[in-house]
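Me: I have a model open and would like to go through it piece by piece. Can we start with the charged side chains and work outwards from there?

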Amino acid sequence: MGIINICVKRAFIFVCVLIGIISTLLLAITLFGHGYFHQSEEIEILPGIAVLYVLEAATLVLSILGVYGARKEKKWAVVLFSVGMSLASLYLFVESVKIYQFKHEMEELTREEHLGRMPLSGANQTDLEELYNIQTKLKCCGLVQGYQDWGTDIPLSCLCSDEDSTNFKCVARGNNTRFVIHYPNSDMSEDDDHKGLMDEHILVYKEPCLPNLFSLVGYGISLMIGPLVALQALWDIGVALAITILCQMRRKVNVPPVIFTSQPPQYRELCDTAESV
């Protein structure tokens, strides 16, 4: 057996191989995404693509060095792996913090963008279509004060069906309100749109959409941070195992040498003395 503990050695090689596989997959995804956005002339939305190339290629090379250093017990290779992966892990940590801080900026931008459409009754057609889609998908109505944000004309996307009433909070709309159905590119008249929808007992979604949009932004940020944290943890485990291997190498190198002598054993001399007497 070499100077490195066999269990630590195998664990380190396994982590290095796993890092190499993940780096290869990420590099392939980056190449594919680069080609896709390059063809669609949207490459400007990926300003950090060069950083991704460098980071993924570097971690791939470092994983190969780690396996080589562990198998051949080369101290310099393990040192390069530990230093390089420590720097990469530090960079990943900084980026995760930036993404988390970006969450608050996204929430503020979302707030400003949607509150700029108030009052909703005076929003343009494009904004109205977007709001209708948001209400239908998120099962909400209005932005801040619920259906009251729409005034007297409530869009049909706020309508709470019998099935939705069991899973979402629904309330009865006001007496002086009416439903207005939105049909994009439709020639239906307004009278036909809301005919038969004047029942005061029809329910609408109680929750406004703005808090749901904030939750959606937070969920998207969490989906981005989660894999980064997991990847950083894997890199940190590799660094810890590399440091353990380096400590074992240094400990074995500093073992004092064993000195052998050619003198006969002492009991032989005692036996000769006894025979002469």
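**Notes on the model**

Reply: Lys98 and Glu95 are three residues apart in helix α3, which means about one helical turn separates them. Helices here are DSSP runs of H or I with at least four residues, strands are runs of E with at least two, and both are numbered from the N terminus. This is a predicted model: local features need pLDDT of at least 70, side-chain atom pairs count only at pLDDT 80 or more, and totals for chains, interfaces and linings use all residues. Residues are numbered from 1 along each chain as its sequence is written, and side-chain values use heavy atoms, with hydrogens and water left out.

Me: What do the side chains of Lys98 and Glu95 form?

Reply: They form a salt bridge, at 3.9 Å from N to O. The term means a side-chain nitrogen of Lys or Arg within 4 Å of a carboxyl oxygen of Asp or Glu. By this rule the count is one salt bridge.

Me: Which residues make up the nonpolar patch on the surface?

Reply: Leu90, Phe93, Val94 and Val97, with about 330 Å² of accessible area together. Patch members have over 30% relative accessible area and no salt bridge; like charges are joined within 9 Å, and nonpolar side chains (Val, Leu, Ile, Met, Phe, Trp, Tyr) within 5 Å. Areas come from the Shrake-Rupley method with a 1.4 Å probe, and for residues only the protein chains shown count as cover. Val97 lies in helix α3, residues 75-115, and is partly exposed at 34% relative accessibility.

Me: Changing topic. What does UniProt list as "transmembrane region"?

Reply: The unreviewed entry lists residues 12-33, 45-69, 76-94 and 221-247. Those positions use the numbering here, feature names are shortened, and annotations may be inferred rather than shown by experiment. In the model, residues 76-94 are 100% helix, with end C-alpha atoms 27 Å apart. Residues 221-247 are 100% helix too, with end C-alpha atoms 39 Å apart.

Me: And Ile19, what does it touch?

Reply: Leaving out residues up to four places away in sequence, Ile19 touches Thr59, Ser63, Phe81, Met85, Leu234 and Trp235. Contact means heavy atoms within 4.5 Å. Ile19 lies in helix α1, residues 6-39, and counts as buried because its relative accessibility is 1%.

Me: How many aromatic pairs?

Reply: Three. One of them is Tyr68 with Trp76: the ring centres are 6.0 Å apart and the planes are at 55°, so this pair is tilted. Rings of Phe, Tyr and Trp (its six-membered ring) pair if their centres lie within 6.5 Å; planes under 30 degrees apart are stacked, over 60 edge-to-face, and the rest tilted. Trp76 is partly exposed at 47% relative accessible area. Tyr132 and Trp150 also pair, and they are stacked, at 5.8 Å centre to centre with 20° between the planes.

Me: Where do Tyr132 and Trp150 lie?

Reply: Tyr132 is in helix α4 (residues 125-138) and Trp150 is in the loop between α4 and β1 (153-155), so the pair ties together parts 18 residues apart in sequence. Both residues are buried.

Note on methods:
Buried < 20%, exposed > 50% of the residue type's maximum accessible area, 1.4 Å probe, protein only.
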